[in-house]
Amino acid sequence: MTLTSRKNLPITTLTESLPGRSVLILDFGSQYTQLIARRVRELGIYSEIHVPERGAERLRALRPAALILSGGPRSVCTSSTRRVSEPLFTAGVPVLGLCYGMQLMALHCGGEVARGTGREYGPARVRMRGHSRLLRDIQDASNEQGHGLLDVWMSHGDQVSVLPPGFKSICSTESCPVAGMADEARAFYGLQFHPEVVHTPQGLHLLRRFLLEIASCEAHWTPEHVEQRLLGQLRLRTASGRVLLALSGGVDSMVSAVLLSRAVGERLHCIFVDNGLLRRGEAEEVLAACASLDIPVQRVEAAERFLGDLRGVTDPEEKRRVIGHRFIKEFETAAKDLRDIRWLAQGTIYPDVIESAAAGRGKADAIKSHHNVGGLPEHMPWPLLEPLRDLFKDEVRRVGARLGLPPELLERHPFPGPGLAVRVLGEVRAESLRILRHADALYLEELRRAGWYQKLGQAFAVLLPVRTVGVKGDRRCYEQVIVLRAVCTEDFMTAHWARLPAELLESCAGRIMNEVPGVNRVTYDISNKPPATIEWE
């Protein structure tokens with residue numbers, strides 16, 4: 001659960017002690033930018049995303065070992081193009097431009113970019129053009145002439161029409177003569193395709209070659225390294241006073257709780273507001289996990305008050321507002337008598353930071369409010385600690401495993417901040433929550449039993465605000481509809497519906513209709529993201 005405070009003084013970022021050992025990624029609005037950062041970290045190298053406007057400033061502060069310029073939806077051929085400042089190309093570090101980033105590099109280095117004769121979007125095969133240090137011996141196949149071939153993912157309309165001085169073409173397609181370019185002397189490389197996506201099978205190999213061999217980055221970014229640095233910085237920053245943590249029970253807040261417990265010991269105080277909108281048994285699991293890890297937690301039982309505030313509310317954005325407002329009241333009431341509190345901690349992670357920044361600079365549409373609920377008022381008297389603000393979700397889980405959190409907690413699928421309130425479509429009532437909680441528990445139980453739960457990115461049940469005719473015990477019934485949702489995804493920015501076996505779906509549906517009073521129909525959602533979102537509200 002992410003809270004906001006005007007007195008936001010996050011702990012020193014991990015990168016400030018890593019000069020010359022990190023990668024700076026400039027985000028030009030690509031939907032894959034977070035994926036670039038995650039791929040770099042998979043190689044054991046710290047990566048940091050910034051907007052182009054901060055590029056030169058962050059370059060001086062971070063002193064990275066390499067730069068990566070992301071793709072983007074705009075055209076470098078238009079007058080409104082965002083141009084990066086010259087210092088990025090005169091810093092003396094290797095640079096890799098991807099798609100839009102390659103075209104930007106071409107313009108800055110004296111080449112030309114033109115509209116392509118046709119847009120390339122989707123799978124393509126590029127042919128190697130001579131040898132380059134970046135692509136040498138990396139291929140998926142070869143043609144009859146012995147030229148290496150790479151299977152890649154393209155997404156572009158513009159292309160480099162005239163190479164900059166000192167550059168050579170290193171690969172091409174039939175419609176794109178310069179699908180890759182290189183100035184080997186300066187270690188400047190451009191790729192028109194996207195090596196960061198799974199649809200480019202050799203993509204991670206290409207990034208490894210650029211970062212570890214060409215840029216000589218050090219693979220030091222490990223869970224052990226991260227844990228040690230986080231604990232050291234927390235101990236230094238919070239040498240005195242108590243730390244107050246808003247504990248939601250999710251993976252991020254639980255890992256934050258364990259980190260803080262290790263760093264400050266008995267000076268940690270957790271407040272867990274039980275809003276009555278969690279999955280079956282979840283509140284008890286959170287409290288049991290805290291007890292086993294010796295984490296002090298104060299439970300606030302507020303289910304009836306949340307449900308009362310939600311009476312008559314059907315709009316999902318209004319649900320979020322109501323839940324956030326009630327949370328603030330409950331949290332303030334629970335915290336008002338605490339003494340010697342010096343810090344307020346929360347489980348913000350790196351995607352939260354990136355998405356907030358993107359929304360703030362007008363680069364992201366407001367599809368819906370962030371799943372994390374609400375925000376604290378401006379008069380909250382404590383500066384903010386965000387121990388995980390530099391980590392992606394998979395990194396948080398790995399650190400949590402090192403800290404001893406149980407697998408059943410770490411491996412839980414993501415859960416929205418407003419909880420089941422946004423999985424009950426329409427008004428949220430006690431009876432609706434009872435039906436959904438029961439159906440969801442049966443569904444997840446069947447997925448685990450069949451070995452499917454850990455294969456999925458997310459799975460859950462949704463209760464529709466409609467009733468349908470059915471027959472139970474030779475009698476007509478008019479009952480509610482449950483939708484089952486399961487998706488496969490690597491980054492949650494895109495997702496495909498999971499091809500669950502028909503026998504498994506039949507088992508799930510049968511149990512729900514037989515064991516959950518009030519349900520006589522179960523459907524399965526086969527929508528991909530995009531155009532749909534993973535959650536329904």
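Mentor: Two strands pair if DSSP finds at least two bridges between them. Helices (H or I, at least four residues) and strands (E, at least two) are DSSP runs, numbered from the N terminus. This is a predicted model, where local features need pLDDT of at least 70, side-chain atom pairs count only at pLDDT 80 or more, and totals for chains, interfaces and linings use all residues. Residues are numbered from 1 along each chain as its sequence is written, and side-chain values use heavy atoms, with hydrogens and water left out.

Trainee: How many bridges join strand β11 to strand β12?

Mentor: Four bridges join β11 (residues 242-246) to β12 (residues 268-274). The two strands run parallel. Take leucine 245: its bridge partner in β12 is cysteine 270.

Trainee: What is the strand order in the open sheet of five strands?

Mentor: Read it as β13-β12-β11-β14-β15, with parallel pairing. The edges are β13 (297-301) and β15 (384-385). Each has a single partner strand, so one side of each is left without a neighbour in the sheet.

Trainee: Which strands does helix α7 touch?

Mentor: Helix α7 (residues 282-292) packs on the sheet and touches β12 and β13. Contact means heavy atoms within 4.5 Å. The direction of α7 makes about 165° with that of β13. For such angles, axes are lines fitted to C-alpha atoms, for helices over the stretch in contact, and angles run from 0 to 180 degrees between N-to-C directions.

Trainee: Now side chains along a strand. Which residues of β10 point which way?

Mentor: In a regular strand the side chains alternate between the two faces of the sheet. In strand β10 (residues 188-191), Phe188 and Gly190 point one way, and Tyr189 and Leu191 the other way. All are buried. Buried means under 20% relative accessible area, exposed over 50%, partly exposed in between (1.4 Å probe, protein chains only).

Trainee: What are the partners of β10?

Mentor: Strand β4 (residues 95-98) pairs with β10 in the parallel sense over four bridges. There, tyrosine 189 of β10 is the bridge partner of leucine 96. Strand β9 (residues 180-183) pairs with β10 in the antiparallel sense, also over four bridges. Methionine 181 stands opposite glycine 190 in β10. β9 and β10 form a hairpin with four residues between them. In the turn, alanine 187 has a positive phi of about 60°.

Trainee: On to helix packing. At what angle do α6 and α11 pack?

Mentor: Two packed helices are described by the angle between their axes and the distance between the axes. Helix α6 (residues 251-264) and helix α11 (residues 393-403) pack at about 45°, with axes 10 Å apart. That makes α6 oblique to α11. Angles under 35 degrees count as roughly parallel, over 145 as roughly antiparallel, 65 to 115 as roughly perpendicular and the rest as oblique.

Trainee: Is the crossing of α6 and α11 left-handed or right-handed?

Mentor: α6 passes α11 in a left-handed crossing. The rule: left-handed if the near helix is turned anticlockwise from the far one by less than a right angle, right-handed if clockwise. Residues making the contact include Val255, Leu259 and Arg262 of α6 and Val396, Val399 and Leu403 of α11.

Trainee: How many salt bridges are there?

Mentor: Side chains of opposite charge can pair when their charged atoms come close. A salt bridge is a side-chain nitrogen of Lys or Arg within 4 Å of a carboxyl oxygen of Asp or Glu. By this rule the count comes to 33. One of them joins glutamate 537 to lysine 319, with the closest N and O atoms 3.1 Å apart. The pair is 218 residues apart: glutamate 537 is in the segment after β19 (519-524), lysine 319 in helix α9 (residues 316-335).

Trainee: Are glutamate 537 and lysine 319 buried or exposed?

Mentor: Glutamate 537 counts as buried, at 11% relative accessibility. Lysine 319 is buried too, at 0%.

Trainee: Where does the pair of glutamate 445 and arginine 511 lie?

Mentor: The closest N and O atoms of this salt bridge are 2.8 Å apart. Glutamate 445 lies in helix α13 (residues 430-449) and arginine 511 in helix α14 (residues 502-515), so the pair ties together parts 66 residues apart in sequence. Glutamate 445 is partly exposed at 33%, whereas arginine 511 is buried at 18%.
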